[in-house]
Amino acid sequence: MVSQGLTYALMVQGAPYSQQASHSALRFAEALPAQGHRVATVFFYHDGVYNAASMMSPPRDEPHLLERWRALHQTQHCELLVCVASAVRRGLLDEGEARRHGHPHPTLEAPFELTGLGQLMQAAFQHDRLITFAP
Amino acid sequence: MYDRQGSDIMNSRSILVIVRHPPHGTSWVREGLEAALVGAALGQPPTILFSGDGVLALLAHQQRGALGQKGSAAMLEGLSLYDIEPLWYDQRSLETRGMEVSQLMPGCQQACVADLIARHDVVMSF
């Protein structure tokens, strides 16, 4: 019997290392394929945008959340969307935004993408489930 | 404005936004309401439920918050312009915080929480 897998959207609103939300979201997402499902979109909002900080450098004996998100993108081909309004005011800028605001280096890199809240709504409409991970 | 290219796939999935945080000291209420407004701009005005400390956002006569933020009272008052009404609240959350309905801003209505959640396709919490 082959069951049709579901596509999931995750909204992550917790800052990495200070709250449980991103750890829980990752563990949930990593467990989906074993059940025949996949995560299609992760949307980072509120303090969750810090999950995309490209210079994140945790101690070696702690989970590297940025690497885990990248691995998730590779294995499940999910998009990693970051709310541009939440991100830019918190100092997370891709190359274009860094240039626009006169900063020498981007602090957010692919596979993370800056997008608007409309993309969160699209994900809610398009995918089978949306789960919020928030403090 | 927001692009509407996806409007054809946005059939009629209903969205419930639950606000669980108080209005001052953090940006939770503001960012939750912004998400709701984008839903409305895309032609799908969400339902908004204030629960837990979120009911504090509904107190009438609020000023701006600390932290140089803009506050959420003006945004709440403008939601009806986007067809987001009434402002649903959880009665139990009100009672446990010693609040009364008479203290709330106009346009609020008592919700049956389980029923609201069951009636919507998507739930987002802030």
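Modeller: Along its sequence, chain B runs in the order β-α-β-α-β-α-β-α-β. That gives the chain four helices and five strands. The model is a predicted one, and what follows is computed from it. Chain B has 126 residues, of which 50% are buried. When contacts in chain B between residues at least 6 apart in sequence are taken, 77% of them link residues at least 24 apart.

Buried here stands for a relative accessible area under 20%. The cover is found on both faces of β1(B). On one side the buried residues are B:Ile15, B:Val17 and B:Val19, and on the other they are B:Leu16 and B:Ile18.

β1(B) also has strand partners. Strand β5 of chain B, residues 122–125, runs parallel to β1(B) and is joined to it by four bridges. Strand β2 of chain B, residues 47–50, pairs with β1(B) over four bridges, again in the parallel sense. B:Leu16 can be followed into both partners: B:Val123 stands opposite it in β5(B), and B:Thr47 is its bridge partner in β2(B).

From chain B, the view can move to where it meets chain A. There, 21 residues of chain A are in contact with 23 residues of chain B. The two chains bury about 1900 Å² between them, with 61% of that on carbon and sulfur atoms. On the chain A side, the residues that lose the most area to chain B are A:His46, A:Met121 and A:Phe125, which together account for 36% of what that side buries.

One salt bridge is counted between the chains. It is formed by the side chains of A:Arg90 and B:Glu31, at 3.5 Å from N to O. The count of residue pairs in polar contact between chain A and chain B is 12, with both residues at pLDDT 80 or more. In chain A, the elements α3 (84–89), α5 (117–126) and β5 (129–133) each supply at least two residues of the side that touches chain B. The largest share, eight residues, comes from α5(A). Sorted by class, this side of chain A holds 10 nonpolar, eight polar and three charged residues.

Helix α5(A) is itself largely enclosed by the rest of the structure, because eight of its 10 residues are buried. Among them are A:Leu117, A:Leu120, A:Gln122 and A:Ala124. A:Met121 and A:Phe125 are buried residues of α5(A) as well, and these two were named above among those that lose the most area to chain B.

A:Asn51 lies between β2 (38–44) and α2 (65–76) of chain A. Its relative accessible area is 0%, so A:Asn51 counts as buried. A polar atom of its side chain lies 3.2 Å from the backbone oxygen of A:Gly14. Leaving aside residues up to four places away in sequence, A:Asn51 touches A:Gly14 and others, including A:Val12, A:Pro16, A:Ser22, A:Phe44, A:Trp69 and A:Phe112.

Conventions:
Residues are numbered from 1 along each chain as its sequence is written. Chains are lettered from A and ligands numbered from 1 in the order in which they are written. This is a predicted model: local features need pLDDT of at least 70, side-chain atom pairs count only at pLDDT 80 or more; totals for chains, interfaces and linings use all residues. Side-chain values use heavy atoms; hydrogens and water are left out. Contact means heavy atoms within 4.5 Å. Buried area is the accessible area (1.4 Å probe) that two parts lose on being put together, summed over both. A salt bridge is a side-chain nitrogen of Lys or Arg within 4 Å of a carboxyl oxygen of Asp or Glu. A polar contact is a pair of N or O atoms within 3.5 Å; within protein, one must be able to donate a hydrogen and the other to accept it, and residues adjacent in sequence count only if both atoms are side-chain atoms. Ala, Val, Leu, Ile, Met, Phe, Trp, Tyr, Cys and Pro count as nonpolar, Asp, Glu, Lys and Arg as charged, and the others, Gly among them, as polar. Buried means under 20% relative accessible area, exposed over 50%, partly exposed in between (1.4 Å probe, protein chains only). Two strands pair if DSSP finds at least two bridges between them.
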